[in-house]
Amino acid sequence: PKKLRPHLGRQIQFADDMQEFTKFPTKTGRRSLSRSISQSSTDSYSSAASYTDSSDDEVSPREKQQTNSKGSSNFCVKNIKQAEFGRREIEIAEQDMSALISLRKRAQGEKPLAGAKIVGCTHITAQTAVLIETLCALGAQCRWSACNIYSTQNEVAAALAEAGVAVFAWKGESEDDFWWCIDRCVNMDGWQANMILDDGGDLTHWVYKKYPNVFKKIRGIVEESVTGVHRLYQLSKAGKLCVPAMNVNDSVTKQKFDNLYCCRESILDGLKRTTDVMFGGKQVVVCGYGEVGKGCCAALKALGAIVYITEIDPICALQACMDGFRVVKLNEVIRQVDVVITCTGNKNVVTREHLDRMKNSCIVCNMGHSNTEIDVTSLRTPELTWERVRSQVDHVIWPDGKRVVLLAEGRLLNLSCSTVPTFVLSITATTQALALIELYNAPEGRYKQDVYLLPKKMDEYVASLHLPSFDAHLTELTDDQAKYLGLNKNGPFKPNYYR
Ligand SMILES: NC(=O)c1ccc[n+]([C@@H]2O[C@H](COP(=O)([O-])OP(=O)(O)OC[C@H]3O[C@@H](n4cnc5c(N)ncnc54)[C@H](O)[C@@H]3O)[C@@H](O)[C@H]2O)c1
C-alpha cells in the first residue's frame, strides 16, 4: 500500500515484505542541514531533571580513578556514587516504556543479540538507559558514549556503569572530552564492535575517519536523527557507505509520535517553564503547518489561544483552514501577535525585519531542527542589548526600550527547555532495538551497502506493542474483508526470531 503524506505532496512507497525494504530518497535534502560535524553535539538539550550539573565538581572525570561495586573501572562517568539515584530514574522511565520491557521479556530467552557488540552514541538519559539495558538483556555487549555534551544525566550514566555497561559520558563535556569518549568506546584492545547505534552521525563519522577497518566486522548501522540520516545518504551517494544502514528517523511511528504528538505535549511545557505565559486569549503565529506545526497548534487551540498559521504549501495551508486556523502572511500579523513559533525546517523564516516590527514582550521561539529558522545572528548588533533573565531566556532590548523575549537562543524549544514524554521515547527505542535485531540477524545478501527504511509491518509491530497500555484491542481482518480490501492477510509483523 502507498502512504500519502498530503502536506508534502509526495508519495512514499513502503515495502510490504521484510525482504524489500524501501530505499527512501532523503527528505532532508531540501532542508538546511549544513551543520558542522560536531554541532549536534554542542546544541543544548536537557531531557530530564538532573541531580547534578557540571559545576558541582571541578575535577574532570578523565582525571578520576573510579571503580564500581564489582571492581570494574571500564567506564568514565562524573560520579559512580550517584548510581542509586540513577537506578531510581531508570525505574521511573521503565513505567512508561512497557512495550520495550515486554520486548525484553519476550525475547530474552532467545537472546537475538547474542554475540552482538554494539557501540552506541545517543543522549544518555533514563529512557536510553532502558534501551541499553534491553539490548544487554537480549545478549548484546554495549559500549556507550553521549551524542550531546549537555544531555547526559550523570546519575543515569553512573547507574549504567554500576550495572556493568562500559559508558563514557558526563554532563558538560568539552569538545575534546566528547571525541575522547567516543574513541574510548570504539578503540578497545580485544573488543571490536559489530553493530553501530548512532544519533547524529558523529560516532559513524569517527569510525570512518579513524578506524575504517572496523567496518569489515560491522553488520549494520542504525541511525535515529535527521542529521545523521542525512549524512548517511551523503555517504551512500558518494559510494562510500560500506555497510547497510537503517533510517529510523523516517519510520512512520517515529515521524508521527516524535513530530506530532511529542510536540503537542511539549510546546506548552517549554513555553510555560520559561515564561509562565497564560495562553487563553493570546495571539500566536505558528510558521509551518507540517507534523510539528499541527501538534503545536492543537495544543495552543485547546488552551484558547487565537492561532494564525503561515505556510508555503497550499495543501498544508488548506488543512490549516479546515482545522479552523487563519492562514496569513507573517507580515500581516507580526505587529499584533504575542508569541511567534517557527516549525518549518527552513531557514530565515523570522528575519530581523520581523523582529524589528514585533510588539513589546513578544515571545519568539523555534520548534524546528535547526537554530537558523529565526535569524538570531542579526540580533547580535551593537544597538541591541541582550539581558539573560533566566536560564534559556534572553530579553533583547531595542534602543526605544522594546523587549523581545527570545527562548533558547532560537534552538529547539522543547529539547532545550522541557522534557520529552517517555512514551514517545519508548516508541523510538523499541524501533531502534528491532532495527538492530533485524540487521544483526539478517541473512547474507538481504541488505546491501545502502540506507533502508523500516518496513511498514515493523512500524505496525512497534505500534501494536505500545497499544496494550491503553487496554486497546485490535480488530482482526476476516479473510473476506482482507480480500475485499485487496490486502494480504499475514497478520502483524513478527521479527524473524519469533516466527
Ligand atoms: N521539536 C521537536 O521535538 C521536533 C520533533 C520532530 C521534528 N522536528 C523538526 O521540526 C521541523 C518541522 O518538522 P515537520 O515534521 O513538521 O516537517 P514538515 O515538512 O512536515 O513541515 C514543515 C512545514 O513547514 C512549511 N514551510 C517551509 N518553509 C516555510 C516558510 N518559509 N514559511 C512557512 N511555512 C514553511 C512546509 O511547507 C511544511 O508544511 C523539522 O526541522 C524537524 O526536524 C522537531
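A polar contact is taken here as a pair of N or O atoms within 3.5 Å; within protein, one must be able to donate a hydrogen and the other to accept it, and residues adjacent in sequence count only if both atoms are side-chain atoms. The model is predicted, so local features need pLDDT of at least 70 and side-chain atom pairs count only at pLDDT 80 or more, while totals for chains, interfaces and linings use all residues. Residues are numbered from 1 along each chain as its sequence is written, and side-chain values use heavy atoms, with hydrogens and water left out.

Glu173 is found in the loop between β5 (166–168) and α6 (175–186); helices (H or I, at least four residues) and strands (E, at least two) are DSSP runs, numbered from the N terminus. With 3% relative accessibility, Glu173 counts as buried, a class defined as under 20% relative accessible area, with exposed meaning over 50% and partly exposed in between (1.4 Å probe, protein chains only). Contact means heavy atoms within 4.5 Å. When neighbours within four places in sequence are left aside, Glu173 is in contact with Ala146, Ile149, Phe168, Phe178 and Cys181. The C-alpha atom of Glu173 is separated by 7.0 Å from that of Tyr150, and the two residues are 23 residues apart along the chain.

The protein chain as a whole comprises 17 helices and 17 strands. Of its 499 residues, 56% count as buried. Among contacts in the protein chain with a separation of 6 or more, 71% are between residues 24 or more positions apart. The chain exposes about 21,700 Å², and carbon and sulfur atoms supply 50% of this area; accessible areas come from the Shrake-Rupley method with a 1.4 Å probe, and for residues only the protein chains shown count as cover.

The ligand has 27 residues around it, of which Asn259, Val292, Glu311, His369 and Asn414 come nearest; a residue is near a molecule or strand if one of its heavy atoms lies within 4 Å of it. In the side chain of Asn259, an N or O atom is 2.7 Å from an oxygen atom of the ligand. The side chain of Asn346 has an N or O atom 3.0 Å from a nitrogen atom of the ligand. From Met367, a backbone N or O atom lies 3.0 Å from a nitrogen atom of the ligand. On its own the ligand has 860 Å² of accessible area, and the protein covers 91% of it. By residue class, the shell divides into ten nonpolar, eleven polar and six charged residues; Ala, Val, Leu, Ile, Met, Phe, Trp, Tyr, Cys and Pro count as nonpolar, Asp, Glu, Lys and Arg as charged, and the others, Gly among them, as polar.

An unreviewed UniProt entry places the feature "binding site" at Gly290, Glu291, Val292, Gly293, Lys294, Gly295, Glu311 and Asn414. UniProt positions are given in the numbering used here, feature names are shortened, and annotations may be inferred rather than shown by experiment. Gly295 is found in helix α10 and is buried, with a relative accessible area of 0%. Apart from neighbours within four places in sequence, Gly295 is in contact with Leu260, Cys263 and Arg264. Glu311 lies in the loop between β10 (306–310) and α11 (314–322) and is partly exposed, with a relative accessible area of 22%. The side chain of Glu311 reaches the backbone nitrogen of Tyr289 at 2.7 Å. Beyond four places in sequence, the contacts of Glu311 are with Gly288, Tyr289, Gly290, Cys316 and Ala317.

UniProt also lists Thr125, Asp199, Glu224, Lys254 and Asp258 for "binding site", in an unreviewed entry. Glu224 is found in the loop between β7 (220–223) and α8 (226–237) and counts as buried at 14% relative accessibility. Not counting residues up to four places away in sequence, Glu224 touches Asp198, Asp199, Val248, Asn249, Lys254, Thr428 and Gln432. Asp258, in helix α9 (residues 252–275), counts as partly exposed at 22% relative accessibility. Its contacts, with neighbours within four places in sequence left aside, are Thr253, Cys263, Val424 and Thr428.
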